[in-house]
Amino acid sequence: MKEDMIFINQFKKALFTTTFILVFFFSLSGCSGESASNDAASKTAAAKQTTRKTIVAVGDSLTAGLGVDESAAYPAQLQRKLAGDGYYFNVVNAGVSGETSSGTLTRIEWVISNLKPDIIILETGANDGLRGIDTDALIKNLDRIVSIIKANNIKMLLCGMKMLPNMGPEYSKAFTRVYPEIAKKHEIPLIPFFLEGVAGDPRFNQPDRLHPTAKGYLRIVDHIYPYVLDMIK
């Protein structure tokens, strides 16, 4: 009887030890599985970040954001607005203050090869108008710029501009016609006037009355946003 009790007690101890080991083992397995799951989720999130598409905003000082912080220029504000609606794009500011359409033409291939855009928002020509450059030259430059972008199979959005009335009525009319003509020829979407609701309004412009304030750029983003959504959808 005594030997039987000793055997039973030893059996219970062995059973307890085995159970503890098994529980501990499965606990570790569960942690390992959870860790693997978290790692997989992290890698998926990282992959999404690295595969973001790129919108490049090409233009002059109106794109560069002359006179305001870079975070207030329209490309940065556009990226934030897109992200707020669940559209995660890198919006690159490729604006150069003072640039004319000929300057844009000379660097557009560099922009394409180095920034690798999926979409280009093209805003150029305002400085051509302010300098009184012949509108035929503007048409030729825009035609070549758009042709290069299309040849690289990049979607694009053309921003139309208007000229100040002090350049003369004939020149202003000829200038305004340039952008619809290019958009029609190349069958690309056009924003009729990039500065709609901002141009000439002191509430949204800096003292020079030519360059938008941060609030002015916010208004511009609201204006162009539906066109951008059409492009990315």
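Modeller: Start with Val221, which lies in helix α8. Keep in mind that this is a predicted model.

Biologist: What makes Val221 count as buried?

Modeller: Its relative accessibility is 1%. Buried means under 20%, so Val221 counts as buried.

Biologist: Which residues does Val221 touch, not counting residues up to four places away in sequence?

Modeller: Val221 touches Tyr74, Gln77, Leu78 and Lys81. For contact, heavy atoms must lie within 4.5 Å. Val221 is also 145 residues from Ala76 in sequence, with 9.7 Å between their C-alpha atoms.

Biologist: You named Tyr74. Why is the pair of Tyr74 and Phe194 called edge-to-face?

Modeller: The structure holds three aromatic pairs. In the pair of Tyr74 and Phe194, the ring centres are 5.4 Å apart and the planes stand at 65°. Pairing needs centres within 6.5 Å, and edge-to-face needs planes over 60 degrees apart. Both values pass, so the pair is edge-to-face.

Biologist: How do you know that this pair links distant parts of the chain?

Modeller: Tyr74 is in helix α3, residues 74-84. Phe194 is in the loop between β5 and α8. They are 120 residues apart.

Biologist: Are Tyr74 and Phe194 buried or exposed?

Modeller: Tyr74 has 0% relative accessibility, so it counts as buried. Phe194 is buried too, with a relative accessible area of 0%.

Biologist: Which residues form an aromatic cluster?

Modeller: Tyr171, Phe175 and Tyr179 form one.

Biologist: What about Ser172: where is it, and why does it count as buried?

Modeller: Ser172 is found in helix α7, residues 169-186. Its relative accessibility is 12%, so it counts as buried. Leaving out residues up to four places away in sequence, Ser172 touches Met163, Leu164, Pro165 and Met167.

Biologist: Now the loop between β5 and α8. Why is His211 called buried?

Modeller: His211 lies in that loop. Its relative accessibility is 12%. The limit is 20%, so His211 counts as buried.

Biologist: What joins the side chains of His211 and Ser61?

Modeller: A polar contact of 2.8 Å joins them. The cut-off is 3.5 Å between N or O atoms. Beyond its neighbours within four places in sequence, His211 is in contact with Ser61, Leu62, Leu66, Asn205 and Gln206.

Biologist: On to the sheet. What is the order of its strands?

Modeller: The order is β2-β1-β3-β4-β5, in an open sheet of five strands with parallel pairing. Strands of a sheet pair through backbone hydrogen bonds, either parallel or antiparallel.

Biologist: What makes β2 and β5 the edge strands?

Modeller: Each pairs on one side only. β2 covers residues 89-95, and β5 covers 190-191.

Biologist: How do you know that β4 and β5 pair?

Modeller: Two bridges join them, in the parallel sense. Pairing takes at least two bridges, so β4 and β5 meet the limit. Leu158 stands opposite Leu190 in β5.

Biologist: How many bridges hold β3 to its partners?

Modeller: β1 and β3 pair over five bridges. Four bridges join β3 to β4. Val56 stands opposite Ile120 in β3, and the bridge partner of Leu122 in β4 is Leu158.

Biologist: What makes β3 mostly covered?

Modeller: Five of its five residues are buried. Ile119, Ile121 and Glu123 point one way, while Ile120 and Leu122 point the other way. In a regular strand the side chains alternate between the two faces of the sheet.

Biologist: Which helices lie on these strands?

Modeller: Helix α6, residues 135-151, lies across β3 and β4, at about 175° to β3. Helix α8, residues 214-232, packs on the sheet and touches β1, β2, β3, β4 and β5. The direction of α8 makes about 160° with that of β4.

Biologist: And what does the whole chain hold?

Modeller: Eight helices and five strands. Buried residues make up 40% of its 233 residues.

Definitions and conventions: Residues numbered from 1 in each chain as written. Predicted model: local features only at pLDDT ≥ 70, side-chain atom pairs only at ≥ 80, totals over all residues. Heavy atoms only, no water. Axes fitted to C-alpha atoms, helices over the stretch in contact; angles between N-to-C directions. Phe/Tyr/Trp six-rings, centres within 6.5 Å; stacked < 30°, edge-to-face > 60°. Buried < 20%, exposed > 50% of the residue type's maximum accessible area, 1.4 Å probe, protein only. Polar contact = N/O pair within 3.5 Å; in protein donor to acceptor, adjacent residues only side chain to side chain.
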